[in-house]
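Colleague: Could you take one part of this model and walk me through it closely? I'd like to see how it sits in the whole chain.

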Amino acid sequence: MTYFIFIGDMLVMAFMVAVVVWVYWRTSDDVINRSARIPLDDESTDG
Amino acid sequence: MNTTATKSNLYYHDRVVTVLVAWSIVWSVLGMAVGLYVAAELVWPQLDFGYPWLSYGRLRPLHTNVVVFGFAVSALMATAFYSVQRTSHVPLFAPALAWFCCIAWQLAIVAGGLSLLAGINASKEYAELEWPFDIAITIVWVCFAIVFFGTIAKRKIQPIYVSNWFYGGLIIVIAMLHIVNSLAMPVTLTKSYSLFAGAPDAIVQWWYGHNAVGFLLTGGFLGMMYYFLPKQAGRPIWSYRLSIVAFWAFTYSYIWAGPHHLHFNAIPDWVQSLGMVMSLILLAPSWATMINGIMTVSGAHAKLKTDPALKFIVLSLAFYGLATFEGPMMAIKSVNIVSHFTDWTIGHVHSGALGWNAMITFGTFYFLVPKLAGRDLYSVKLANIHFWLALAGTMLYILAMWGAGVSQGLLWLSLDEIGELNFSFKDIMGSMAPYYGLRVVAGVLFLSGTLLLAFNLFKTLQGQKVVRVVPPPVAAMEAA
């Protein structure tokens with residue numbers, strides 16, 4: 001069972017490393033900056 | 001006529017948000033008042049006056065259901081409806097369905113609360129409501145999902161902002177947990193029996209219970225934080241990339257952590273170890289989120305000194321950091337053997353519930369209500385007094401329960417030379433009166449602050465004019 005848990009933990013780590021690599025590799029600074037600013041420019045008052 | 005109709009379809013639907021916020025405030029006062037009453041009953045048991053409906057066994061589930069499903073879920077629905085329109089640059093999809101969610105949810109809380117007072121109870125913690133309510137909750141939740149995901153589907157901008165990932169995670173995972181955990185065989189209108197029994201029932205129960213904490217009280221409120229913190233600080237989130245990584249890490253690891261509630265119980269040892277390890281891994285996304293939030297405010301110190309909404313949100317992040325450090329530590333078996341079945345757990349839960357959930361909601365409401373009402377907050381001074389009352393109440397509550405819990409754990413583990421208990425359960429509980437008294441004082445402080453919030457925000461809303469808010473010009477033109 002120890003090996004089972006160890007392998008499971010390593011799979012979790014591999015998944016997280018893949019997410020980090022994907023987020024940093026597949027997204028440009030421009031897209032990230034525009035996404036981060038969404039709440040700051042999302043409305044105008046009318047009436 | 002057509003032009004007017006078309007234009008009105010472009011307005012963000014904020015009226016339903018206002019009503020949900022108002023109900024959330026009402027439930028916060030009622031739920032916390034019931035919590036204070038049951039805390040007082042633990043000091044003065046005669047406060048039930050011999051009435052079954054005033055007994056601890058009926059009022060305690062009423063307290064948890066009203067604060068979690070009334071206060072918290074109404075706040076989450078309100079903020080999800082408010083932010084998803086704005087981050088999608090479109091009004092709500094199916095606004096009539098949003099109104100149905102709002103009204104049906106409040107009716108379910110009223111009827112569900114009365115059923116708990118009447119002693120109708122499914123005997124599953126945080127899922128006490130009987131099967132008719134389970135079905136009603138499922139219907140409302142599906143409608144919530146349709147409105148939320150429908151709005152995202154018709155969005156006018158390509159990225160799905162990170163707050164929507166958290167709100168989306170909340171909606172999907174809570175639906176899954178609620179349906180599986182509520183599977184039961186009804187025998188009468190007010191009684192059913194769970195399809196699970198024994199150890200599997202315990203595992204399903206804490207898979208539900210812990211992930212309700214995870215995806216509702218943590219994930220949902222992180223969605224709130226990722227939208228309202230940048231909004232209030234006037235700065236984008238410090239690291240958007242980190243927020244995405246934290247979302248996936250959070251979602252992937254939280255779902256495994258439930259078995260830490262069942263340490264040293266009749267479930268397989270490896271399941272307990274798995275729950276412990278995944279709880280420890282959770283530290284990484286939790287603290288990544290906290291650091292991301294704190295760094296977002298790092299350039300807005302001047303505003304932090306004067307703005308009560310921002311103060312509440314930043315303080316909530318500090319308590320979020322505290323609670324998400326304490327939780328994994330308590331999941332370690334050698335710590336859990338002291339903390340389990342003691343008031344330490346109650347203190348931990350309230351450091352999250354009062355310090356994180358309530359504080360971030362209060363901060364969000366102090367920002368949101370003046371915007372919805374189209375006027376300044378009625379009294380900044382009252383909001384500042386509320387801030388200090390809430391902080392004092394939370395700290396006193398946590399310290400009292402830490403003292404009580406650690407004492408209980410150590411005294412219960414204390415054995416004499418032949419291995420018999422040094423102290424009886426009755427003697428130990430008898431010595432808890434000072435801690436429980438302090439908890440009552442903490443509850444009075446926190447509830448007093450919440451009453452100030454209710455007065456302040458309802459005065460702000462009083463005589464409210466209709467504020468029409470539309471998407472930014474470019475998106476509006478595209479929609480037209």
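Modeller: Helix α6 of chain B is largely enclosed by the rest of the structure, since 14 of its 20 residues are buried (buried is under 20% relative accessible area, exposed over 50%, partly exposed in between, with a 1.4 Å probe and protein chains only). Bear in mind that this is a predicted model, where local features need pLDDT of at least 70, side-chain atom pairs count only at pLDDT 80 or more, and totals for chains, interfaces and linings use all residues. Residues are numbered from 1 along each chain as its sequence is written, chains are lettered from A and ligands numbered from 1 in the order written, and side-chain values use heavy atoms, leaving out hydrogens and water.

Back to α6(B): it runs over residues 162-181, and at 1.5 Å a residue it should span 28 Å, which agrees with the 28 Å between its end C-alpha atoms (the expected span is 1.5 Å times one less than the number of residues). Chain B has 18 helices and three strands in total (DSSP runs numbered from the N terminus: helices are H or I with at least four residues, strands E with at least two).

As for the setting, 57% of the 480 residues of chain B count as buried. Its C-alpha trace spans about 85 × 55 × 45 Å along the principal axes. Among contacts in chain B with a separation of 6 or more, 82% come from residues 24 or more positions apart (a contact means heavy atoms within 4.5 Å).
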